[in-house]
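Student: Could we go through this model together, a piece at a time? I'd like to start with a helix and then move on to some side chains.

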Amino acid sequence: MELKEYELAGIETIARGVCWREGKLLLCRAKGGKTTYLPGGHIEFGETGRQALLREIEEELGVKAEAGAFLGVVENQFEQHGKPHAEINLVYELKIPVAAKVAAQEDWIEFEWRDPAALGDLLPVDFRVLREDAPTCLFRP
């Protein structure tokens with residue numbers, strides 16, 4: 001299997017979005033996967049976090065969105081392909097037009113709207129900690 005350059009680096013920088021609709025949080029998961037995560041993706045060389053988030057949302061959902069306020073940084077360490085790995089997640093408010101249909105445009109992922117009380121499988125775990133402990137409570141609609 002050929003790995004992308006950012007996977008070889010050992011540390012990935014990712015832009016993620018917090019998007020609320022009718023009191024539910026938009027989450028993503030790999031089809032067949034057990035865990036969910038905030039939508040977004042890898043920041044490519046020369047992009048800002050906001051630019052990467054908007055590009056990823058357009059690629060994955062097929063909609064033009066707006067990146068709002070910067071909400072914080074969440075670090076995550078894990079094992080990938082048998083080796084230690086890390087990611088730095090830049091988290092932004094994400095605004096998707098209400099009229100936009102939220103449906104995956106790529107075969108390997110799916111999206112769902114989730115009640116904030118049911119975020120048990122959300123990774124990284126620090127996203128859940130921020131939801132409960134952040135002074136601004138960034139995970140509250």
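Predicted model: local features only at pLDDT ≥ 70, side-chain atom pairs only at ≥ 80, totals over all residues.

Student: What span should helix 2 have, and what do its end C-alpha atoms give?

Tutor: Helix 2 covers residues 49-61, and at 1.5 Å a residue its 13 residues should span 18 Å, which agrees with the end C-alpha atoms being 18 Å apart.

Student: Which of its residues are buried in helix 2?

Tutor: The buried ones are Gly-49, Ala-52, Leu-53, Arg-55, Glu-56, Ile-57, Glu-60 and Leu-61, and after the helix comes Gly-62, whose phi is positive, near 75°.

Student: Switching topic, how many aromatic pairs does a search of the whole structure find?

Tutor: The search finds one aromatic pair. The ring centres of Phe-70 and Tyr-92 are 5.4 Å apart and the planes lie at 65°, so the pair is edge-to-face. It links distant parts of the chain, with Phe-70 in strand 5 and Tyr-92 in strand 6, 22 residues apart.

Student: And Tyr-92, buried or exposed?

Tutor: Tyr-92 counts as buried because its relative accessibility is 5%, under the 20% cut-off, whereas Phe-70 is partly exposed at 42%.

Student: Last one: what does the side chain of Arg-114 make a polar contact with?

Tutor: Arg-114, which is found in strand 7 and is buried at a relative accessible area of 12%, makes that contact with the side chain of Glu-112, at 2.7 Å. Leaving aside residues up to four places away in sequence, Arg-114 also touches several others, including Lys-24, Thr-36 and Asp-121.

How values were computed:
Residues numbered from 1 in each chain as written. Heavy atoms only, no water. Helix = DSSP H or I, 4+ residues; strand = E, 2+ residues; numbered from the N terminus. Expected span 1.5 Å × (residues − 1). Buried < 20%, exposed > 50% of the residue type's maximum accessible area, 1.4 Å probe, protein only. Phe/Tyr/Trp six-rings, centres within 6.5 Å; stacked < 30°, edge-to-face > 60°. Polar contact = N/O pair within 3.5 Å; in protein donor to acceptor, adjacent residues only side chain to side chain. Contact = heavy atoms within 4.5 Å.
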